[in-house]
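Here is a friendly tour to read alongside the model. Keep the viewer open and follow the headings.

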Amino acid sequence: MDKKWAEHYRKQMCFGKAVICVIVTIWLGVTGFELFKNNGISKKWYFFMIVTLGVEIAFGLWKRSQDKKIQSVLYEECDPFRFKEIYEYFRTKTKKARVKNIYNIQISIALFMQGYEDSAYELINQIDFSDLPSRFELNYYDFMRMYFSCKNDERQLAKIKAVFEKKLSKANTMERKLIIQQMKYMDLQVAIHRKEYEIYDKLIGECSSEMNRMLQKVSIYMLMAKAEFGRGNVDKAKEYCQFVLQHGNRTYYVKNAQELLDIINGKEVEECIEKPVEWEVNQIYKEKPDLKFFDSRKKYRRKQRMMYLLWMVLGYSVGFIIYGTIGLKVYQDLSEMDILFLGNRAIFGLQVALLGGFLIAGILNGVYLFLSVISKMSLAIKIVMIVFTIPLFLLIGLISLIPYCIYQIVMIVKEREKKK
């Protein structure tokens, strides 16, 4: 898997998105035609709906499987060089700064795993995380954990741990699991550096059992090799180093394992022993992670509010057009039956269109609120919520549509005033 594969994958992605757009367009066209001609829905509409959903689900599953293949290059094959090449290709092919930043996160991790930790640190600090979803904050602090562990800077690690503890209160189930895992791993690294082997013995079993991917296993075996060497268990240290050499492929862990073996086999310890980092005044690495992104989310929140309003306007417009067309058709049919209405045809159609637009926008609002509520719940609770509470949320969406839109507009204006 390399640049050629990435190029082929990108072409398949573009083709798949184009096919979905065509199918959705056909489905919307059939929907409008059925509503205008027959004042209802026929079997054709259900057929196109099933096809549309099936293609969308199939494309999503395929994309997920391809993304796993890309991630496996680093996390299973332990090859950061090929991993970096793939994401560098993706970065050159996108024009959106936001997407480039997401790719730069992956490239930073690849650089770190190659052994260029300082270059990786510089790159990740150039990324504008304020325009990315909040989940990427965890990627940033996880990288800082790796970086300052590599530098043996316990003061910065303590700050990062404080960030993780703060994020725990608002984390969803998956994030919470990852944060706790990273905190344990951080404590384990500090314990090895301080040679506090009682703490190491308590944590090593839990940490090693949670490391399921090969890159994680290689990293934990490298830590175990250092710990056993510090204890004087040379044979165990050699065994763990051999595991790293066998499975570490092209990661920097292989170099570290080889250096440790050289020490064990008689090389002067002073030449390879790790020392705590001592910062110089002019070094970029003096920057502190602190709570860098906890108070800089205004740009992203404002963008999300504007996207919400855009979707409401779009939903209202679609409902207005569809139900307006139905209203005109219904008026015509009932007029032929000599049923009289107050007002003319245009007024009747406008009234139906206004109500139809409100209905569609209200449904979209209900779906938005529903997804916001269940996003941080476990899978089992999500299923229960989907089965039993969707009608309730649709009703809430209709009732809260206008107040919630007003709230979003007010917040956009306030955030804009603060920005000025």
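## Ground rules

This is a predicted model, in which local features need pLDDT of at least 70 and side-chain atom pairs count only at pLDDT 80 or more, while totals for chains, interfaces and linings use all residues. Residues are numbered from 1 along each chain as its sequence is written, and side-chain values use heavy atoms, with hydrogens and water left out.

## The whole chain

The chain has 16 helices and zero strands. Both kinds of element are DSSP runs numbered from the N terminus (helices are H or I with at least four residues, strands are E with at least two). Of its 420 residues, 40% count as buried, meaning under 20% relative accessible area, with exposed being over 50% and partly exposed in between (1.4 Å probe, protein chains only).

Contact here means heavy atoms within 4.5 Å. Among contacts with a separation of 6 or more, 68% join residues 24 or more positions apart.

## Helix α10 on its own

Helix α10 covers residues 214-231. Its 18 residues reach 25 Å from the first C-alpha to the last, close to the 26 Å expected at 1.5 Å a residue; the expected span is 1.5 Å times one less than the number of residues. The buried residues of α10 include Met214, Leu215, Val218, Met222 and Ala225. Gly232, with a positive phi near 95°, follows α10.

## α10 against α9

Helix α9 (residues 197-210) and α10 have axes that come within 11 Å and cross at roughly 160°. Axes are lines fitted to C-alpha atoms, for helices over the stretch in contact, and angles run from 0 to 180 degrees between N-to-C directions.

The crossing of α9 and α10 is left-handed, that is, the near helix is turned anticlockwise from the far one by less than a right angle (clockwise would be right-handed). On the α9 side, the residues in contact include Tyr197, Tyr200 and Ile204, and on the α10 side they include Ile220, Met224 and Ala227. The contact of α9 with α10 divides into seven nonpolar, three polar and four charged residues. Nonpolar covers Ala, Val, Leu, Ile, Met, Phe, Trp, Tyr, Cys and Pro, charged covers Asp, Glu, Lys and Arg, and the others, Gly among them, are polar.

## α10 against α11

The axes of α10 and helix α11 (residues 234-247) come within 8 Å and cross at roughly 155°. These two helices are therefore roughly antiparallel to each other, and α10 passes α11 in a left-handed crossing. Among the residues making the contact are Val218, Tyr221 and Met222 of α10, and Tyr240, Phe243 and Val244 of α11. By class, this contact has 12 nonpolar, one polar and three charged residues.

Cys78 sits in the loop between α2 (43-75) and α3 (80-93). Its phi is near 60°, a positive value in a residue other than glycine, and Cys78 is buried with a relative accessible area of 0%. Asn152, in the loop between α6 (135-150) and α7 (154-168), has a phi near 55°, again positive in a residue other than glycine. Asn152 is buried, at 12% relative accessible area.

Is Glu117 buried or exposed? Glu117, in helix α5 (residues 117-124), is buried, with a relative accessible area of 19%. Leaving aside neighbours within four places in sequence, Glu117 is in contact with Leu111, Phe112, Tyr147, Cys150 and Lys151.

Terms used. Angles under 35 degrees count as roughly parallel, over 145 as roughly antiparallel, 65 to 115 as roughly perpendicular and the rest as oblique.
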